[in-house]
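Morning, everyone. Please have a look at the model on the screen, and then I'll walk you through it.

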Amino acid sequence: MTVAMSSDGTIRLEGICADADAEPLLRLLVEHRDAAIDWRGCTGAHSAIIQVLLAAGVNPLGPPANAFLRDHVAPLFGAIAASGGTDPVRK
Amino acid sequence: MNELLEQFLIESRELAEQTTDDLLALEQSPEDRARLDSAFRGFHTLKGGAGIVEFDAMGRVVHAAEDLLASVRAGDAPLSADMVGHCLACLDQIGRWLDAMETEERVPAGADAVASTLVARFAEPGARPAHGTPAPSAASDRPPWLRDLLGRCPDVRRAGVAVRYVPHGECYFRGDDPLALVGRLNGLLALAIHPRNAWPQLDHLDPFACNLVIDALASGARDAVADHFAAVAGHVEIHALSEGTEAGGLIVPERAAEILRAQIALASSSDRGSFDATLTSAGRTAGNVLRHLRCDAKAAEIDAALARSLAAGEATALVAAIETILAAPDEAGGREGTADTAAARPATIARTLHVDVGRVDAIVNLTGELTIVKNALGHAVRLAQDGADAASLAPLLKQQHAQLERLTAELQRSALSIRVLPLRQVFRRFPPLVREIGKRLGKSARLVMAGEETEADKVVVEALYEPLMHVIRNAIDHGVDSPEERNAAGKPAVPVIRLSGRREGEHVIVEIEDDGRGIDAAKVRHAAAMQGVATPEALAALSDDEAVELIFAPGLSTAATVTTLSGRGVGMDAVRSAIERLGGRVTVASRAYQGTTVRLTLPFTVMMTQVLTVEVAGQLVGIPFHAVLETVQLRRDHIAPVGDARAFALRGRTVPLVDLARELAFVEGPRSSTVASIVVVALGGELGGFEVDRFGERLDIMLKPMGGLLSETPGVAGTTLLGDGRVLIVLDLEELLR
């Protein structure tokens, strides 16, 4: 299981999270809105996973175990958490 | 002639014609964005076609033209008459090549040399915007997202190219991972992700639809980046950031904006004494700033606003004009429009149909025969008017009716055959796709196709691509076994996926067969139980074959299924609903260690529909017959209220009961108080009951989709006219039972 809720109530992303994991992840996030998310064990994440995390406006506990996610994607979550939401695309 | 070549010639000629029109229009009005986009797409699609028939020379030529138009689209340079000329010369040459190919049935000799000459023209100075020297307006015309991105980049001096990538909403289904593609970009410096449409409430988010806009900044050359994104070329906007502007580019618009803002302050503060002079000064300065940035059109707007302000004796017009420019420094609207037209393209292409002349001739002949029957009927009418008795007229009318019946049936068949396409149209897109998926997943597979000549309704053929791709992708991803397993089982090293089509009566059967490890029924049962798809008792009662069918159940498409099952899982319910929308069925058969076969049973034509007519509140309604399970008469005290709905029990299963009269907003008439007439339908494994007033008969009808205002009517799939002139409303069961 690459996306799962551990006994301490943390949603953990482990290994390579494929597009098929997006739906269970979304379900977990909907059911446990305040759950902490930990993606330190995440070695890869499909766009669909990142999309769910962005839409949820969460700031997962990192750094993730993948250079691209760590250097480029993780900072986006920080920015969102700091500004309290995502900017829609400007027109 | 080879079918592929024939299709290529037809398509390329159309595209070349369309693109020529676009270029000629651009020559007149170089600012016409829609024409520019259309021309760009024209070359892009031509390139695709050239690739398919392996006409490299043509590919090179159209690539050069496409590249040029791409940089014009990105705002690197305005379109010059020379550029248009070069592009037209390409199309001219392509026209000659196509003519030659039609007679020689192969790639024309000497094309390579001609292509090289043509391509060389694009490289001449002036023919294309040079990447090293910035167009002076480039920096000021940068869209806001690009300025944001530059602001985010820690090492802006290295930035050479900016990319805005708006992936297709359904790209996940195609196996794309847009972020991974961006992540693999060499020299990636900065990344920003926005939602394309504002994020919905989390519980309304569709995790399978891509809603991302990805902006990236990279070092390196434009061409390299364009190559990297070649597979999604229609979805990316690439901007070359020219040298020298890394430092200056950011500052100039900022500085310009500062000056413009100062002019607003100046214009607003001007007192009565020096009103005219101050306002003129503010307006002129603002105009000059814009002229300096090569935004002459906007400068003219300022001049006009200044004149209005002076005439009115108020600064409002000028201030408003400057504010507008500050708020929207680029034509964001135009860009949005581009994405829209690109998305709408497949729909427009699908509007044209290439029909075999023989089929049209058959229809023309039939109209001739119909005229003869019409004349014969006229004769019968005259006899009736002259007082012939019914007994002598009857045999005549009977004979003419029989003829008319035969002819209308034939006409219907001929008319439908116009809409028929061979499955090849969709099958031929898969060999490259299988290679691509195999490469991406690191599992190679061989695709074997059969029965490509099988014909089906155009609507069916065109709607098959997505579900087929899904099934094939799943077969490679999850169905294919490892080399070790294959070796142990004595199977050939390379897995084989067989895609076949055949006609069976009024149905077209499409099968996707793999020789992988099969689906483990026990594991499907386990996953289904874990995820609450069905109760353990119900699951235990299923045979293995029935259990395997559970992969189509909504809700079983989860990661757990995929990782713990050796079978498929992802989105098979999406495949089922796509096929059912076409009026078809999907089934799966699997043998452990031998493979899995997914079978799509499709109607030959979507237009002929068999319905069961029923009467509801005095109105005749048709229920698609393929879904009707049975009709029952039920005592009313056997119907139980469930919340504000109703349900009844049928052989131990609880079936929700839909009151058709209420659902369709008909005025309800009196009903039998003791017994309810119910039509039981099955849709995707779910049962549903419709309460009606009276059962009717089985009818074959030509379904006419609802058009115009009525197309949004919920629960109605279409209408048809009955023999007695009444309108039959045909239900859309999926919508009603949802």
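I'll take chain A, then the cores, then the strands of chain B.

First, the ground rules. This is a predicted model, where local features need pLDDT of at least 70, side-chain atom pairs count only at pLDDT 80 or more, and totals for chains, interfaces and linings use all residues. Residues are numbered from 1 along each chain as its sequence is written, while chains are lettered from A and ligands numbered from 1 in the order in which they are written.

Chain A has 3 helices and 3 strands. Those are DSSP runs numbered from the N terminus: helices are H or I with at least four residues, strands are E with at least two. The order from the N terminus is β-β-α-β-α-α. Of its 91 residues, 41% are buried. Buried means 20 or more other C-beta atoms within 10 Å of the residue's own; exposed means 12 or fewer; partly exposed is in between; C-beta atoms are placed from the backbone.

Now the cores. A nonpolar core is a set of buried Ala, Val, Leu, Ile, Met, Phe, Trp, Tyr and Cys residues joined through C-beta atoms within 7 Å. The largest has 64 residues. Which members touch the most others? They are Ile49(A), Val52(A), Val163(B), Ala216(B) and Leu217(B). Helix H2 of chain A, residues 47-56, gives this core its largest share, 8 residues. A separate second core has 42 residues, among them Ile476(B) and Leu600(B).

Next, an open sheet in chain B. Its 5 strands run in the order S6-S8-S9-S11-S10, with mixed pairing. Pairing needs at least two bridges found by DSSP between two strands.

Last, strand S23 of chain B, residues 727-731. With S13 (619-624) of chain B it pairs parallel, over 2 bridges. With S22 (716-721) of chain B, S23(B) pairs antiparallel, over 5 bridges. Now find Ile729(B) in S23(B): Val621(B) stands opposite it, and Ile729(B) is also the bridge partner of Thr719(B).

That's my tour. Questions, please.
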